[in-house]
2 protein chains.
Amino acid sequence: MLNEDTICAISTSGGSGAIAMIRISGKDAVRLADQLVRFPGEGKRLADQKGNTLHYAEIMDQGKLLDEVILSLYKAPRSYTGEDLVEISCHGSVVIQQKIMELLIRAGAVVARPGEFTQRAFLNGKMDLSQAEGVADLIASGSAAAHRLAINQMRGGFSAEIKKLRSELLEFISLIELELDFSEEDVEFADRGKLNSLTERIISLLDKLISSFEYGNAMKNGVPVAIVGPTNSGKSTLLNRLLQDDKAIVSDIAGTTRDSIEDTIVIGGVQFRFIDTAGLRHTEDKIETEGIQRSLKKYEQASIVILMIGPLEDDYAIRQSLAFLDEKKKAMPKKSLILALNKADLLDPTDKNRKLEHIRTILPEGDHYLALSARDGEGIGELENILLQEANKGHSEEQDVVVTNLRHFEALSHAREALARAREGLASSLPTDLLAQDIREALHYLGEITGEITTDNILSNIFDNFCIGK
Amino acid sequence: MLNEDTICAISTSGGSGAIAMIRISGKDAVRLADQLVRFPGEGKRLADQKGNTLHYAEIMDQGKLLDEVILSLYKAPRSYTGEDLVEISCHGSVVIQQKIMELLIRAGAVVARPGEFTQRAFLNGKMDLSQAEGVADLIASGSAAAHRLAINQMRGGFSAEIKKLRSELLEFISLIELELDFSEEDVEFADRGKLNSLTERIISLLDKLISSFEYGNAMKNGVPVAIVGPTNSGKSTLLNRLLQDDKAIVSDIAGTTRDSIEDTIVIGGVQFRFIDTAGLRHTEDKIETEGIQRSLKKYEQASIVILMIGPLEDDYAIRQSLAFLDEKKKAMPKKSLILALNKADLLDPTDKNRKLEHIRTILPEGDHYLALSARDGEGIGELENILLQEANKGHSEEQDVVVTNLRHFEALSHAREALARAREGLASSLPTDLLAQDIREALHYLGEITGEITTDNILSNIFDNFCIGK
């Protein structure tokens, strides 16, 4: 399975910058570097140097100086990939980066596939598969929350949880297999009550992980929020106001740019994904109804709904909107509702309080309400606090073992199905060998998560989604 | 003049990538790094380590792991800046990059100004000013030719040429000053004939450098090319064809992206800048004439003109276009003309040859002509060869001491003016002290190039145009 090629790739982000870095890994990494460069002073060779050292060198191209560079030398197995690894830090001109790659390829290196450095780290036992996926998530993380979950996964926090589950399952199967060994004697070594409680415990552990996926996925990919409300209630003004706050924070530190994803906002370290929805109106017009149906489909993807109402909306209209959402909410009880009385700057304090008090009386328990002005910023801080509170609902910062990965979610779900069958089998006195088969299946799925069991298909699915150079 | 601050900046290009690098330089660089990280194993401190070494570490943020990083340690004076310098190679997530910058700033580092690392290298005597400018040009270089000139400048090739000039001038002034010392005795120590030939030699050296600026500037910023011709002669088809060739080469190596500047094409390592020109037509229409006037202004910036004609253009029209350009060319004798008979695929070989032969007879000596088809690619290779040949006209690859920098060009021109005055003074027997003044002025301007003489103004003009992190 191990590749004999020596691979190379540009590991820093594309385009020109002050410094760029090109990585070489594999058995010929040091020889290739020695072949490309010239050291000032006599007879120095990288091959003779100790690992974990830095070396000034001159990269030559057909006898002419291409660049002055720094070489970072790592010797196997003390490197990221576990192989000999050389990093070339060069001046960040695109011409130089390309030329160095060209020279390396001409000397016999091959261009690394996306994630191939990390794949080699996995294959060389430097990390398990779920940790490798954590590396990709870490690089892609666009918020503090996504970062926190990814780094925990990269460090093996999630793998440890999976190992715990596997050891529970192994206890289970050892009891079962003892019985199989003596199957002809028709005795039950494994106490059925004990097996029952073991199954329950494992299933509840799996359930905890499986149910964390909704939170984990939201933290990783953004909490989906829908802003709904009548036309002109100020939905886009609110969105712009929230975006503006976010951008101000980001631009505080010079030299960083942000991969801008439209309508994605980081509040208090959590990313929110704002879903575009059409104006919410009660109408008999067929075409408009269809538009609203589409809009409601999107609304259904949201886990938080901000219902905006204007200051002049009458109670009837408010009640209608609420009833409308309430009906939808029955199907999705986990959805959080925030009722926002917009344009509060147009109301005098008495009116505002009267209206808020009224909203409180008609709003179901547990939903939020507040007055704000998207235009002048009043109440925005309060809204952000509520969003953050709802995003983190039911999860503490400490609980870092969270499923963020669809592949893990599916494997855990399959494992749970197999165990549920085992539980049924126990209840209906299924033959022991069939019971064992279910448990082995559960073990198989857990093994896929950490990479104890892999296929080329699983590996390529994972590493194809990596960035190049890692 | 030296700054006591410890500075930090993200040195890799913006946005997320596999790996990013943050640089810290200054007397507290090592202490700050030690403060931010935790090393696995007991009691290790960066401060106790040797220079030019690599260290795995964990960056902590309020007791929580922010990232696993590699620290590159350089100790003063063996570093790029000549100060203690630490480079943090982290996972390239924007969140992590920002957070590390935040932690450094909170610990007392300040954000580096553009080019501040290189400015410190200059102030610490690691390079002269023209070499520092070479670093900026090297990073910005978008073609092999620009790269070649920049690296020569960074390595001090240009500085050596300036030093040669200065030593010639110093010989001159030592002769003059000898005379001044004995001025009361009214003798001429300095042989006037010798002074005369010395002046001539220095002026001719200056002239050689000054005249190289047109070439140097074209190589650095792109050779300006205008494609002119009647409407529908295929100007934009040709441009797209050339662009396509360029892009195909660039995309050969994965992982590199190109800062796309519209209508800038690299051919054989030389960058060409294509100037947008309106269709060339002889018209009485006032408004159109004005458009053509504007287009001709742009044409005047070009150093190479491609005049495109269609296969059905009659001789009269061709002669008219040529006469038109010829008139303009009188003012700019250095301009190169390439006459391109486009849509050659529409002509049979006999017709094509007859037309080309005819063009040859009416075309002034030294201008180029060829048949091509922008649509199917015929003749494009030949056109590229001609472009390359014209761009390099009068310059050999070996002659690498070329002025590419407007600041240097101006300083050299000022120095030449002062020397021309000295030459005049010699002819008109100007008093020796006035002669000395002119020569000191020339020395002053040359000193500005290498930075022996600097002002805050010169420094900030230079380093403000650097990228951040270098």
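Buried area is the accessible area, taken with a 1.4 Å probe, that two parts lose on being put together, summed over both. Between chain B and chain A that area is about 5100 Å², and carbon and sulfur atoms give 61% of it. Welcome to this structure, which is a predicted model.

**Where chain B meets chain A**

- On the chain B side, 63 residues are in contact with 63 residues of chain A.
- Four salt bridges are counted between chain B and chain A.
- One salt bridge brings together the side chains of A:Arg155 and B:Glu68, at 2.7 Å from N to O.
- There are also 15 residue pairs in polar contact between chain B and chain A, counting pairs with both residues at pLDDT 80 or more.
- Several elements of chain B supply at least two residues each to the side that touches chain A: the strands β2 (19–25), β4 (53–61), β5 (64–74) and β6 (85–91), together with the helices α2 (94–106), α4 (129–140) and α5 (144–154).
- Which element gives the largest share of this side of chain B? That is β5(B), with nine residues.
- By residue type, the side of chain B that touches chain A divides into 27 nonpolar, 23 polar and 13 charged residues.

**Chain A in outline**

- Chain A has 15 helices and 13 strands.
- Of the 470 residues in chain A, 55% are buried.
- Among contacts in chain A with a separation of 6 or more, 70% join residues 24 or more positions apart.

**The nonpolar cores**

- In soluble globular proteins, nonpolar side chains tend to be buried together.
- Here the largest nonpolar core has 47 residues, and A:Leu71, A:Val86, A:Ile100 and A:Leu104 have the most contacts inside it.
- The element that gives the most to this core is α4(B), with six residues.
- Looking at A:Leu104 and leaving out residues up to four places away in sequence, we find that it touches A:Cys8, A:Ile22, A:Ile24, A:Leu32, A:Leu36 and A:Ala109.
- Another core, of 46 residues, lies apart from the largest one; its members include A:Met127, A:Val135, B:Phe39 and B:Ala57.

**Salt bridges to look at**

- Over all chains, the structure holds 54 salt bridges.
- One of them joins the side chains of B:Arg38 and B:Glu58, at 2.8 Å from N to O.
- B:Arg38 lies in strand β3 (residues 37–38) of chain B and B:Glu58 lies in strand β4 of chain B, so this pair ties together parts that are 20 residues apart in sequence.
- Are B:Arg38 and B:Glu58 buried or partly exposed? B:Arg38 is partly exposed, with a relative accessible area of 40%, whereas B:Glu58 counts as buried because its relative accessibility is 7%, and the cut-off for buried is under 20%.
- B:Glu116 and B:Arg120 form another salt bridge, with their closest N and O atoms 3.4 Å apart.
- Both B:Glu116 and B:Arg120 lie in helix α3 (residues 116–123) of chain B, four residues apart, which is about one turn of the helix.
- B:Glu116 counts as buried at 3% relative accessibility, and B:Arg120 also counts as buried at 3%.
- B:Asp207 pairs with B:Arg416 in a salt bridge whose closest N and O atoms are 2.4 Å apart.
- This pair links distant parts of the chain: B:Asp207 is in helix α7 (residues 192–221) of chain B and B:Arg416 is in helix α13 (residues 406–427) of chain B, 209 residues apart.
- B:Asp207 counts as partly exposed at 28% relative accessibility, and B:Arg416 is partly exposed with a relative accessible area of 24%.
- Salt bridges that share partners also join A:Arg38, A:Glu58, A:Glu68 and B:Arg155 into one network.

**A buried residue in a loop**

- A:Ser373 sits in the loop between β13 (368–371) and α12 (380–391) of chain A.
- A:Ser373 counts as buried because its relative accessibility is 0%.
- What is A:Ser373 in contact with, leaving aside its neighbours within four places in sequence? Its contacts are A:Asn342, A:Lys343, A:Ala344, A:Asp345, A:Glu378 and A:Ile380.

How values were computed
Residues numbered from 1 in each chain as written. Chains lettered and ligands numbered in written order. Heavy atoms only, no water. Contact = heavy atoms within 4.5 Å. Polar contact = N/O pair within 3.5 Å; in protein donor to acceptor, adjacent residues only side chain to side chain. Nonpolar A, V, L, I, M, F, W, Y, C, P; charged D, E, K, R; others polar. Buried < 20%, exposed > 50% of the residue type's maximum accessible area, 1.4 Å probe, protein only. Core = buried A, V, L, I, M, F, W, Y, C linked by side-chain atoms within 4.5 Å.
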